[in-house]
Amino acid sequence: MSASANNVADTPLDVAAIKADFPLLSRQVNGQQIVYLDSAATSQKPRQVLNALNSYYEEINANVHRGAYQIAEQATSATEEARAHLQRFINAPSDNEIVFTKNATEAINLVAYSWGRTNLNEGDSVLITALEHHANIVPWQQLATERGVEIRWLPITDDGCLDMVDLEQMLDGVSLFAFSAASNVLGTLTPVRHLADAAHAAGALCLVDASQAVPHLLTDVTEWDCDFMAFTGHKMCGPTGIGVLWGRAELLDAMPPFLGGGEMILNVTREGFIPNELPWKFEAGTPPIAEIIGLGSAVSYLESIGMDAVRAHEVALTDYALCTLKERHGDDLIIHGPAATGDRGGVLSICYRDVHPHDLSQVLDQRGICVRAGHHCAKPLMKVLGVGATARASLYIYNDKTDVDLLSDALAEAGEFFSHQPA
Amino acid sequence: MAGLEDLYREIILDHYRNPRNRGELETPPAHMAEGFNPLCGDEVQVFLHVNGDTISDISISGQGCSISQSSASMMTTAVLGKTVNEARQVIRAFKQMMSIHGDDLDGSDHDVSGETVEPNISLGDLEALRGVVKFPVRIKCATLAWNTLDQGIEETTS
């Protein structure tokens, strides 16, 4: 091990114990022990969350907010307890501001449809950034097509941070500033509070796509002083099919319902309907009850580790990865994004020699190593980076130095394989 | 277990490193068709010059992995100078090869889609891509240029 790698701070986590909580991580793929490095796409699920899903179905499966019998009441209170738990987890003022959605994409679409179509018309503008995932681009493009709303793009610097030189000017006349708290491609952490303050100073609201932040660091909407925040459950040890929109109560109150149906009404007559109160106004139909309870359990799991410890672990491991990978592979390896671990999360978008990311991930797969190859649903960002695709390794609580070392070995192997000249 | 050697045959790596008929043709007289693989971001442009009934020139531009690039390269050598109908037959035969289920590979020539297999078409070097079907995610890489050529032929002959 190198001197520089030795200087890397040690993790505060007992990673072996955490790994043991995740049943999938004990399996083999292609005859090798799995090395899961794709948590930015979706995290693995601990036994505690899987048990919560099971117990719901085995013990209290009933529809919520309807039956007066015991298990229906238990299901309802478990769902609402999860909501309150989410509220505490992100330090939101009230649990009626926690709206359950299918995922972060649906949460952003909810704002674009309900708030956007109420408040934005031709001549209005939305500012987004060059870092955004398609989920925080396309809903605004749909508004642009439909309403003639202008979309502005805040650029990034060469090292993948937001370029804020012209921020004030770009915010001039903007109604909404929608940006991610952490990039799913570069790992960049953005200065959320600063951006929210700038938006408010310009008279704009702000929406934070926190899908890549909530699983990895302490998230505090009160401290961030944002107006909307979207995130998803499956990247934070929770099940798929459950996400959250948080919004300020006064904003959500003034917005019309997004989807119509059961649950979201107080009354329906032949003449019309009266929408339900927050948050159910935005939760039409039977909600994903098991998934809501599972997400609550995921929050408990993360809290038992401690979000400060999660962040410290990821900083230490990312530091180790940046040091050792660069030291061993030198100019063969490009890692996009910020160089300083203080400015980034554990997402490493890499290009190795001239091996195409798709081929790289194929070779890695033979070693049981799961990374994502492609454009990561951020094609405009790939264009800025000047690449068609990258291979992305992303770190989480169950990854350790050995995982990084195995990645490093496999990169060397891939380089060897593809540089071998044919006879 | 399918190994890397099943996928990355030497002939494939050769076409990847030394792509044939690479570049752009002037449009017109050539026609350009464009294909995307939304999964991985690969994109390909097929430039096609049909003279009378014959593909008199073809070239490829764009970016992609070794499988998509080598498949495109081999495709150009397979259809250059062929008539449009012959090219269509090669396309069909190639796509049939890509649709055979991996488990049925050895010695089997039946096609799960139930379509008539092109019996008289020799795929030559393209046979090297047969191993791709053991890696289902990569089939789209291998067929990207072919679907784009198919589309280009439709556009030029319609």
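Start where the two chains meet: 17 residues of chain A and 15 residues of chain B make the contact, two residues being in contact if their C-beta atoms, placed from the backbone, lie within 7 Å. This is a predicted model, in which local features need pLDDT of at least 70 and side-chain atom pairs count only at pLDDT 80 or more, while totals for chains, interfaces and linings use all residues. Residues are numbered from 1 along each chain as its sequence is written, with chains lettered from A and ligands numbered from 1 in the order in which they are written.

Select helix H1 (4–7) and helix H2 (10–17) of chain B, the elements that give two or more residues to the side touching chain A. Helices (H or I, at least four residues) and strands (E, at least two) are DSSP runs, numbered from the N terminus. H2(B) gives the most, three residues.

Now move to chain A and colour its open sheet of seven strands, ordered S4-S10-S9-S8-S7-S5-S6 with mixed pairing; strands pair if DSSP finds at least two bridges between them. At the edges are S4 (98–101) and S6 (150–154), each pairing on one side only.

Zoom in on S5 (residues 125–129) of chain A, which runs parallel to S6(A) and is joined to it by five bridges. A:Ile128 stands opposite A:Trp153 in S6(A).

Next, select helix H6 (residues 138–147) of chain A: it lies across S5, S6 and S7 (174–180), at about 145° to S6(A). Axes are lines fitted to C-alpha atoms, for helices over the stretch in contact, and angles run from 0 to 180 degrees between N-to-C directions.
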